[in-house]
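Here's a quick briefing to read with the model open beside you.

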Amino acid sequence: MQSGILGGLLRTLVAKAKFSHTQNVCQHCRKTIGRRHLSSTTRLLGVFEPDNLTPGPAIPEYEALNVRMRGYDFALLESFAKYVHNQATQLGIDTDMWPSPSKATHIETYVPNSKVIQHTYDLRTYERTVQLQDVPSTMLPIFLDIIRSHLPMGVNITLKEPDVEEENDRYVPDKRLKDLYAEVDAIQKARDERRKK
């Protein structure tokens, strides 16, 4: 007797909980929806999962990768670097972005079959780097496809692991600091010469 009362009470509570989101449904449809929810055992009891299930294999990750972008148009390169950074963060990849100093190139064209200069050009190459950290190996091809499909004309990208040269190029050299290091070296050499005498 008590189990029948508890079962009925349980059914009405579950039915009220199920119908709370169906206030604008007609009575006939409400009864049909209620029967479906009450008749399904997975809704009431949950899903059975065996105890001896093992998680899938660990996905290997790249520790750090640098996406290096180079181009002659500053505004285009800056916009694309921002796009790459935003796409990486949307995919859940930790990123760090920095600019590198621009490099100037002087180009001269000559009149055919002579040494007379026809045109001179001063080109600046701009560079931006987005460093990706802890990238899952399954996510990298998706990220690269997205980047390649949106690559603007005039921008070159390279993807590689970071090295010491790139880290040194990241910072603009300080002339005053170099001069101070040169003075310290000169003083040290003078001390060494005095000690030898």
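Glu 127 and Arg 68 join their side chains in a salt bridge, with N and O 2.5 Å apart; the term covers a side-chain nitrogen of Lys or Arg within 4 Å of a carboxyl oxygen of Asp or Glu. This is a predicted model, so local features need pLDDT of at least 70 and side-chain atom pairs count only at pLDDT 80 or more, while totals for chains, interfaces and linings use all residues. Numbering starts from 1 along each chain as its sequence is written, and side-chain values use heavy atoms, with hydrogens and water left out.

**Charged pairs**

- The Glu 127–Arg 68 pair links distant parts of the chain, since Glu 127 is in strand S3 and Arg 68 in strand S1, 59 residues apart. Helices (H or I, at least four residues) and strands (E, at least two) are DSSP runs, numbered from the N terminus.
- Both Glu 127 and Arg 68 are buried, where buried means under 20% relative accessible area, exposed over 50%, and partly exposed in between (1.4 Å probe, protein chains only).
- Glu 127 has a relative accessibility of 4%, so it counts as buried.
- Glu 127 also forms a salt bridge with Arg 70, and here the closest N and O atoms are 3.3 Å apart. Glu 127 lies in S3 and Arg 70 in S1, so this pair ties together parts 57 residues apart in sequence.
- Arg 70 is partly exposed, at 36% relative accessible area.
- Another salt bridge brings together the side chains of Lys 175 and Asp 179 (3.8 Å, N to O). These two are four residues apart in helix H7 (residues 175–196), so about one helical turn separates them.
- Lys 175 is exposed, with a relative accessible area of 61%, and Asp 179 is partly exposed at 39%.
- Salt bridges with shared partners join Arg 68, Arg 70 and Glu 127 into one network.
- How many salt bridges does a search of the whole structure find? The search finds five.

**The sheet**

- Four strands make an open sheet in the order S2-S3-S1-S4, with antiparallel pairing. Two strands pair if DSSP finds at least two bridges between them.
- S2 and S4 are at the edges with a single partner strand each, so one side of each has no neighbour in the sheet.
- From one strand to the next, the twist averages 20°.
- Strand S2 (residues 94–110) is joined to S3 by 15 bridges, and Glu 108 stands opposite Thr 120 in S3.
- S2 and S3 form a hairpin with six residues between them, and Asn 113 in the turn has a positive phi of about 60°.
- S1 and S3 run antiparallel and are joined by 10 bridges; Glu 61 stands opposite Pro 136 in S3.
- Six bridges join S1 to S4, with Arg 68 standing opposite Thr 158 in S4.

**Helices on the sheet**

- H4 lies across S1, S2, S3 and S4 and runs at about 10° to S3. Axes are lines fitted to C-alpha atoms, for helices over the stretch in contact, and angles run from 0 to 180 degrees between N-to-C directions.
- Thr 89 is found in H4 and is partly exposed, with a relative accessible area of 40%.
- Which residues of H5 are buried? They are Leu 140, Phe 143, Leu 144 and Ile 147. Down the axis of H5 they fall within an arc of 95°, so they line one face of the helix; the arc is that of the directions from the helix axis to the C-beta atoms.
- The buried residues of H5 pack against S1, H4, S3 and strand S4 (155–160); contact means heavy atoms within 4.5 Å.

**The nonpolar core**

- The largest nonpolar core has 17 residues, and those touching the most other members are Val 67, Met 69, Phe 80, Val 84, Val 130, Leu 132 and Phe 143. Such a core is a set of buried Ala, Val, Leu, Ile, Met, Phe, Trp, Tyr and Cys residues joined through side-chain atoms within 4.5 Å.
- Two or more residues each come from strand S1 (61–71), helix H4 (74–90), strand S3 (117–136) and helix H5 (140–149). H4 gives the most, with five.
- Leaving out residues up to four places away in sequence, Met 69 touches residues including Phe 80, Val 84, Glu 127, Val 130 and Ile 157.
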